[in-house]
Amino acid sequence: MAQVYDLHCHSDQSDGALSPEDLVSRAKERQVTALALTDHDTIAGIERARNCARREGIDLIAGIEFSSQWSGRGIHVVGLNIDTGNMVLLKALEKQARVREERAVNIGERLAKCGIQDAYEGAKAYAGDAAVGRPHFAQYLVDTGAVTSFKQAFKRYLGAGKTGDVKSGWPEVAEVVEWILAADGVAVLAHPAKYNMTRTKLCYLTEAFAEAGGQAIEVVSGKQPVGLAENLAKIALQYQLAASCGSDFHVPGQPWQELGCASRLPADVQPVWELFS
């Protein structure tokens, strides 16, 4: 039986809704056989997910999704099959934790200037042991009545170019790629179609990513418009990158990002898992 890969998903150790254990169990129910947990800037859930995956009979691939920037834009880079004990990686995680905390405080201060008080404290309460992220702020905005939905929270306050869109402090893409390679991982440019770039701009990004040592690009991210995977496959081939696929699952109830929903990779690209040692 062929493996069913989902190489991009999130638990409640970053901005997902499910515990690492529940995430793995849901993946099993969705007939995923190889799962990468790629929480934002943390590997806190990996060992728990790995233990559950052994019981469920799933291959668990240690992963992470690093926040970075390129030409002033926020860019995400996934690291797959990483050595979670690597010292370069662990120091990078400490740096990212500091940046993420400073960013959360900054978002809270910005929202306060808009008349929304105690947003940082509220978001931190929702985050619990996880790092504070924009979804935690969105939950606070919804529950305090500042907005009526997550969608509205991002549209008004937290989305690209809005008050709570704070990118300062994130490392450059090239530095993040170095961290992943140092940890014997595979560096993957995450969800390239979600950056709202022209194709020309996306090619510039992909070229810079490849020159920095990046090895793959997400050709499939959740359910996509017809023809998008083929278009991204052409970019992968142009820059000699392997192709990855994942749902980018965060919460149940979003069928376009459900575990295992990613379509098959186009036939002419190299699957990223062939790079796993």
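Predicted model: local features only at pLDDT ≥ 70, side-chain atom pairs only at ≥ 80, totals over all residues.

Colleague: What is the strand order in the open sheet?

Modeller: The order is 1-2-3-4-5-6-7, seven strands with mixed pairing. Strands are DSSP runs of E, at least two residues; helices are runs of H or I, at least four; both are numbered from the N terminus. Two strands pair if DSSP finds at least two bridges between them.

Colleague: Which are the edge strands?

Modeller: Strand 1 and strand 7, each pairing on one side only.

Colleague: In what sense do strand 6 and strand 7 pair, parallel or antiparallel?

Modeller: Parallel, over five bridges, with strand 6 at residues 216-221. Ala216 is opposite Ala242 of strand 7.

Colleague: Where does helix 9 pack?

Modeller: On the sheet, touching strand 6 and strand 7. Contact means heavy atoms within 4.5 Å. The direction of helix 9 makes about 175° with that of strand 6. Axes are lines fitted to C-alpha atoms, for helices over the stretch in contact, and angles run from 0 to 180 degrees between N-to-C directions.

Colleague: Is strand 7 buried or exposed?

Modeller: Five of its five residues are buried. Buried is under 20% relative accessible area, exposed is over 50%, and partly exposed is in between (1.4 Å probe, protein chains only). Ala242, Ser244 and Gly246 cover one side, Ala243 and Cys245 the other.

Colleague: New topic. How do helix 3 and helix 7 cross?

Modeller: At roughly 145°, with the axes of helix 3 (residues 87-113) and helix 7 (residues 173-182) coming within 8 Å. Val88, Ala92, Lys95 and Gln96 of helix 3 meet Glu175, Trp179 and Ala182 of helix 7.

Colleague: How many aromatic pairs in the whole structure?

Modeller: Two. Rings of Phe, Tyr and Trp (its six-membered ring) pair with centres within 6.5 Å; planes under 30 degrees apart are stacked, over 60 edge-to-face, the rest tilted. Tyr5 and Trp273 are stacked, because their centres are 3.7 Å apart and their planes at 5°.

Colleague: What does that pair tie together?

Modeller: Tyr5 is in strand 1 (residues 5-6) and Trp273 in the segment after strand 7 (242-246), so the pair ties parts 268 residues apart in sequence. Tyr5 is buried at 18%. Trp273 is partly exposed at 25%.

Colleague: And His191, what is its phi?

Modeller: Near 25°, positive in a residue other than glycine. Most residues other than glycine have a negative phi. His191 is in the loop between strand 5 (186-189) and helix 8 (199-211).

Colleague: Where is Asn196?

Modeller: In the loop between strand 5 and helix 8. Phi of Asn196 is near 55°, also positive. His191 is buried at 8%, whereas Asn196 is exposed at 71%.

Methods: Residues numbered from 1 in each chain as written. Heavy atoms only, no water.
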